[in-house]
Every structure is written in C-alpha cells, then in structure tokens.
Amino acid sequence: MKIVLLGYMASGKSSIGKLLSKKLSMKFLDLDDYIIAQEKMAISKIFEEKGEVYFRVIEHKYLKEIIDKEEDFILALGGGTPCYGNNMQEVNTGNTVSIYLEGTTATMIERLIRKKSKRPLIASLGDDKIPEFVAKHLFERRSFYEQAKTKIKIDGKKKKEVAEELEKLLN
Ligand code: S3P
C-alpha cells in the first residue's frame, strides 16, 4: 500500500506520518527530507540560492522517483507539492491512498505564527501579515488539496488523535 499525506504547511504531515508508520509498521518517507538528502542542502538554502522555480522542478522529479521506485510507504509531501505540475496526478496513480490533512484557515494561521521560522515562504513575514497571507494562499491551494482521495479534519486534534483516526480509516 502507498499512503500519501498532504496539506498546508504545519498541518502535521511529517509527524502524523511518522506516528502512523509505527502503528502500521510501514516505511516512512518525507519528501522535504528526501530533497535535502539528495541535494545536500536545506530547503531554505535551496529557495535562497536557486529560487522557488528550481525547487518546484526538483520537487516534482523526486516525487516521481519515490512513487515509481518504492513499494509500500507512507509519504509526507511538502505543503506546495500538490499545487505544481501534474503532481496530484502522479500522487493519485494506481491504488495510492492520498489523504488531505484539512485544517481551517484559523487553525493554520494560529499554528504558523508559532512555526514560521523554517518555512521560507513565510519566515520573513511579520506576525501581523500571516493571517492575510495564509487566507489567500489556502484559497488558491485548497482545490489541489481537495483532489486527494480522502480527507481528515485536524482542527483541535492532537497529532496522536489524528494518527489513531487514520489507522481506523485505513483498516
Ligand atoms: C512549502 C512547504 C514546505 C516546503 C517548502 C515549500 C510550501 O513543506 O516543501 O518550504 O510551498 O507550502 P512543509 O509543508 O513541510 O512546511
């Protein structure tokens, strides 16, 4: 089984993916970490030195590589992965289970004000600018996230609770 977790920045894709991989005894892969290992560079450095367009090109390349090469896995995408090229088509091929970790705009704003530092798209924004940025960005991205085969609400839930719900959903 191939399970792909997607959703906005700070929706918990990586941490929930890790928890779920323990529960289901499946291999866990994180697309951002895979990119860092292959390029030997932090994501923020790639954005800074090579630009976002370069990042989106290699993000697509490594996504395809993982989906084509690996057998059973839980894969956490980056927040922007579903929104570029034909990435959602790649993700939804075969019997892959794609899952949107869905949070309301308010939830995502609240989380990102706390967790913006390692995220190049928002790191330099003042806290007062985050609400408008996130609201617009989510509005643009939601239609891509909605292409996931299934979704789960994350508002007000602990990561552990979301992982438990996902385990039930998948069984
Ligand atoms: C991005 C999200 C990041 C990372 C990159 C771009 C985005 O991943 O891939 O900074 O466009 O939303 P996380 O969702 O893990 O923060």
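Me: Are F47 and F55 buried or exposed?
Reply: F47 is buried, and F55 is buried as well, where buried stands for under 20% relative accessible area, exposed for over 50% and partly exposed for what lies in between, with a 1.4 Å probe and protein chains only. This is a predicted model, in which local features need pLDDT of at least 70 and side-chain atom pairs count only at pLDDT 80 or more, while totals for chains, interfaces and linings use all residues. Residues are numbered from 1 along each chain as its sequence is written, and side-chain values use heavy atoms, with hydrogens and water left out.

Me: How many aromatic pairs does the structure hold?
Reply: There are three aromatic pairs in the structure. In one of them, Y34 and Y62, the ring centres are 5.7 Å apart and the planes stand at 70°, so the pair is edge-to-face. The rule is that rings of Phe, Tyr and Trp (its six-membered ring) pair if their centres lie within 6.5 Å, and planes under 30 degrees apart count as stacked, over 60 as edge-to-face and the rest as tilted.

Me: Which helices do Y34 and Y62 lie in?
Reply: Y34 belongs to helix α2 and Y62 to helix α4, so their pair ties together parts that are 28 residues apart in sequence. Helices (H or I, at least four residues) and strands (E, at least two) are DSSP runs, numbered from the N terminus. Y34 is buried, with a relative accessible area of 12%, and Y62 is buried too, at 5%.

Me: And what about the rings of F47 and F55, at what angle are their planes?
Reply: Their planes are at 45° and their centres 4.9 Å apart, so the pair of F47 and F55 is tilted.

Me: Changing topic, how many residues of strand β1 are buried?
Reply: Five of the five residues of β1, residues 2-6, are buried, so the strand is largely enclosed by the rest of the structure. K2, V4 and L6 lie on one side of β1 and I3 and L5 on the other, and both faces are covered. In general, side chains in a regular strand alternate between the two faces of the sheet.

Me: Which strands does β1 pair with?
Reply: β1 pairs in the parallel sense with strand β3 (residues 73-76) over four bridges, and with strand β4 (residues 97-102), also in the parallel sense and over four bridges. Two strands pair if DSSP finds at least two bridges between them. Towards β3, K2 stands opposite F73 and L5 has A76 as its bridge partner, whereas in β4 the residue opposite L5 is I99.

Me: How do the side chains of β3 point?
Reply: F73 and L75 point one way from β3, I74 and A76 point the other way, and all of them are buried. Strand β2 (residues 28-30) is joined to β3 by three bridges and runs parallel to β3, with F28 standing opposite I74.
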